[in-house]
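Have a look at the coordinates before reading on.

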Amino acid sequence: MKKIIASLVFCLILFSCSKDKDDVVLGALVTFNFFHSWDETSVTNSDFNTIKFANANGENLSIEKLRYLISKVTFTTSVGEQLVLSGYNLVDVTNNTNLSFTPIETIPFGNYTNVSFTFGFDNEANSGNYTDLNSASWNVPAMLGGGYHYMQLEGKFIDSNTNETGYAYHTIRAVDNSVSPTKFEDTFFEVDLGAVTISNSTIINVEMNIAEWFKTPNIWDLNVLNNMLMPNYDAQIMMFENGQNVFSLKSVE
Amino acid sequence: MSCSNEEANNYVPTPSSLEIPQLFEDNILNPVIPFNNPQTVEGIALGKKLFFDPILSGNNPQSCADCHAPENAFTDSSRFSDGIDGILGNRNSMPLFNLAWNYDEKFFWDGGAFSLEHQAFVPVSSPIEMKSQWKQLQQELQNHPEYPTLFNQAFGTSTIDSTLVTKAIAQFERTLISSNSKFDKYLLGVGTLTSQELNGFNVFMDETKGDCFHCHGSDKNPLWTDNKFHNNGLDATFTDLGLGKITGDPADNGKFKSPSLRNLAFTAPYMHDGRFATLEEVINHYSEELKTSPTIDPLMKKVAQGGVQLSAQDKADLKAFLLSLSDDEFINNPVFQNQ
């Protein structure tokens, strides 16, 4: 009986404390869910490994691997204040992991003129050492500047000789190490999702249109650019340009 | 709580955490230790004894170490291992080290075993390997003059079963850590590499040359494997489906686990079926002999030309670098020997 009473007292204390906490909580966690499409058609990993997509250049292709890094989720208020959240997320569509990302920070209730994230890492973040990303073999060789991949999109396409040929569309910070000093160009970019209101726990659904990586403004010719793209400075710039219209806000729940 | 203490027997296992090497600690996630099989001094010692004891095989001619020899980084120098009846398997025995860092816990060339404990379970009763009957083996161990006491010390019960046998072996296997190669010492700043080895590392990391790093790790991933499954262009058609046989997905046909590139000096022959006797043959395969198939990995380049066409110098340098990943201290560590 003493134990039961002690437990009840403990529970009362516990719930009292939570109530006090609830009274002062003025924000909520926000979850980002990542969806994928090929233009109007939804894409999941069940669509992988089959040549069923056609890019803007007319090549038929499959997807075998898609994973990408997002970081620096940022909420901007109407007066321009920015709430930059810690953490990053390696979305792995192939293995259906990390398609949902909930930063650990609570977002204060209110209206935000913009919510954004960085595709990849900015240069400061890219200079860090991350055990989870290293374990995922996500590194970029030091000879290419080091740091991490931003995206790995791989599969096969039907080439101009009607053969199935592999492609590896890997995005990293652009580097030209054929010149001295080595030339770098930033290729991470901010994805603006627009205004949101946080009034309770919120789910923000983000969509990547994979077809856009091959479309705008650069029509991508896989016969020319299919592999060994990491050390290809010009290809990395084109990927950066094509990435600008890849993401969109699908919905807010 | 007090009741359970009163009921406890003399089972007081001694925790024995893994000694995580500096490069592992600095660069990769922590090892996977199952919550229901923590490392203990007694469990590891028991696992080691079992690993080297032919009692695990039918009629007792063969131990785990027969196909996983310490001097070969715990693999078999033969292409295929023969079981107790002399029947050959169709896969090369996998080397055993750094197994606790297999985060997906998929073991065997085809990923057919989930968890190290399950992996240890399979060969004991395989009809072409150790060919034991678990019931009979349990009885044999139960009647042994030492094992009941050792199991009691390790697990708090002298009633022996297959679960505890494989738990003990898995504990021992998790201690098989290799982290003292010449390249490790170079990364730690306590050793140097030759210019040939350094150039070989560049070939390894260069996407236009070896491009080995995408599947085999880098200086930031001391495992030297991604522990994933790939079709690396060995065959145009498959007699062994590999991962595909396990998943039933045709897209996985011909895929096998990327092995670690550590200790290659001791682990010949190479590939899942041990088809290559030398590192030269392995490098030539990636350079000129790739064969296309529907599931070949997109990272295999210039397949129509047979591969990336490395120069003779790059091949020699790459080999020199690969050999710098071998760890003599590991294969000579007395803690891992049958003593």
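A:Pro217 sits in the loop between strand E17 (202-209) and helix H4 (233-243) of chain A; helices (H or I, at least four residues) and strands (E, at least two) are DSSP runs, numbered from the N terminus. The bond joining A:Thr216 and A:Pro217 is a cis peptide, with omega about 0 degrees. Another cis bond runs from A:Ser180 to A:Pro181, with omega near 0 degrees, and A:Pro181 lies in the loop between strand E14 (174-176) and strand E15 (183-185) of chain A.

Some housekeeping: residues are numbered from 1 along each chain as its sequence is written, and chains are lettered from A and ligands numbered from 1 in the order in which they are written. This is a predicted model, so local features need pLDDT of at least 70, side-chain atom pairs count only at pLDDT 80 or more, and totals for chains, interfaces and linings use all residues.

Chain A averages a pLDDT (the predictor's confidence in each residue, from 0 to 100) of 91, and 90% of its residues score at least 70. Residues 1-23 of chain A stay under 50, with zero contacts beyond four places in sequence; a contact means C-beta atoms, placed from the backbone, within 7 Å. Where pLDDT is low, the predicted coordinates should not be read in detail.

| Residue | Phi | Loop in chain B |
|---|---|---|
| B:Lys131 | about 50 degrees | between helix H5 (116-125) and helix H6 (134-142) |

B:Lys131 counts as partly exposed because it has 19 C-beta neighbours inside 10 Å, and B:Lys302 is partly exposed with 16 other C-beta atoms within 10 Å. For scale, 20 or more such atoms within 10 Å makes a residue buried, 12 or fewer exposed, and anything in between partly exposed.

As for how the chains meet, 23 residues of chain B are in contact with 22 residues of chain A. Helix H10 (195-205) and helix H11 (213-216) of chain B each supply at least two residues of that chain B side.

Chain B itself splits into domain 1 (2-177) and domain 2 (182-329), with bounds from an automatic or database domain assignment. Their centres, taken over C-alpha atoms, are 28 Å apart. The contact takes 27 residues from domain 1 of chain B and 28 residues from domain 2 of chain B.

Key
Contact = placed C-beta atoms within 7 Å.
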